[in-house]
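Please walk me through this structure in plain terms. I have not looked at it before.

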Amino acid sequence: MKVLEDMEISDLNMETVHAYRNRHTVYRSEHVWGGLTDEEYLERIGAARRVKTDRKIHPTAAGLLMFGEEFRILYEYPEYFLDYRELLDPSIRWTDRLQSSSGDWTGNLFDFFFRVYSKLVKDLKIPFRLEGITRIDDTPVHKALREALANCLVNTDFFVPRGVVIRKDKDMITMENAGYIRTGRDQMLKGGISDPRNKALMKMFNLIGIGERAGSGVPDIFSVWDSQGWVAPEVEEQYNPDRTILKLSFIDR
């Protein structure tokens, strides 16, 4: 895990850090890390590390990606780019657009994940269910979309051009990330082996209840799509530059 010794904890966006901590508290209200200082907490989750040379805690590369400001992330990852495109009306070029380079938000992975996830599920026509008299809006499809989006981000090679592109069309969501599939496409579809490109990022998402470490994420997504009667997802690889593309259709088989 690379430590950025030329950066301080203050170089991270602390509003994002506190938003993350709040989500962790909601997910695990009795967790023993709840009373730690921000520096101690960031060290525990892998977002920071103490350096022997100055005995100070500095951000890790993963911590910068998750909690940093976009302009600072570019110091370490010049090709870093996150892009969400929504095309629900053919008469309009974009019905919604979110880019890490816009300058009006942090541009980091944590904020991108939750901003984009809320946009992806906004129009889902999935019936809610009841537990007793309580309405449960979080369905297997919602979980599968969280899994797919987290997989996209933690498997991105942020040194490769074109970064992350999430596209929402009327009947399909497409998730693209820079980088080849480390386990190979066939093994990824089979499941059982987890080898995320950015393991520290995966840990951070896992701590707030997002993502699978057992390598079952992609097969689970396929299973959910099958149970809904939708066309099976597609996984495509491109090379030079390496790119992985997941297409999730909402069209009935």
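**A walk through the model**

Arginine 55 sits in the loop between β1 (48-50) and β2 (57-59), where helices (H or I, at least four residues) and strands (E, at least two) are DSSP runs, numbered from the N terminus. Arginine 55 is not a glycine, yet its phi is positive, at about 60 degrees. Another loop, between β9 (234-238) and β10, holds proline 241. The peptide bond that leads from asparagine 240 to proline 241 is cis, with omega near 0 degrees. Most residues other than glycine have a negative phi, and most peptide bonds are trans.

This is a predicted model, in which local features need pLDDT of at least 70 and side-chain atom pairs count only at pLDDT 80 or more, while totals for chains, interfaces and linings use all residues. Residues are numbered from 1 along each chain as its sequence is written, and side-chain values use heavy atoms, with hydrogens and water left out.

The protein chain has 9 helices and 10 strands. Its C-alpha atoms fill a box of roughly 60 × 50 × 40 Å along the principal axes.

Two of the helices, α6 (residues 140-154) and α9 (residues 217-228), pack at an angle of about 145 degrees with their axes 9 Å apart; axes are lines fitted to C-alpha atoms, for helices over the stretch in contact, and angles run from 0 to 180 degrees between N-to-C directions. On the α6 side, the contact (heavy atoms within 4.5 Å) includes Pro140, Val141 and Leu145, and on the α9 side it includes Val218, Ile221 and Trp225. By class, this contact has 9 nonpolar, 3 polar and 1 charged residues; Ala, Val, Leu, Ile, Met, Phe, Trp, Tyr, Cys and Pro count as nonpolar, Asp, Glu, Lys and Arg as charged, and the others, Gly among them, as polar.

What lies nearest the centre of the largest cavity? Asn151, Asn155, Ile181, Met188 and Val218 do, among 31 lining residues. On a 1 Å grid over the protein atoms alone, a cavity is a set of points where a 1.4 Å probe fits but cannot get out, and lining residues have an atom within 4 Å of a point. The elements that give two or more residues to this lining are α6, β8 (172-178), α9 and β10 (243-249). By class, the lining has 17 nonpolar, 9 polar and 5 charged residues.

How values were computed: 1 Å grid on protein atoms, 1.4 Å probe; cavity = no way out; pocket = protein on both sides within 12 Å on 5 of 7 lines; lining within 4 Å.
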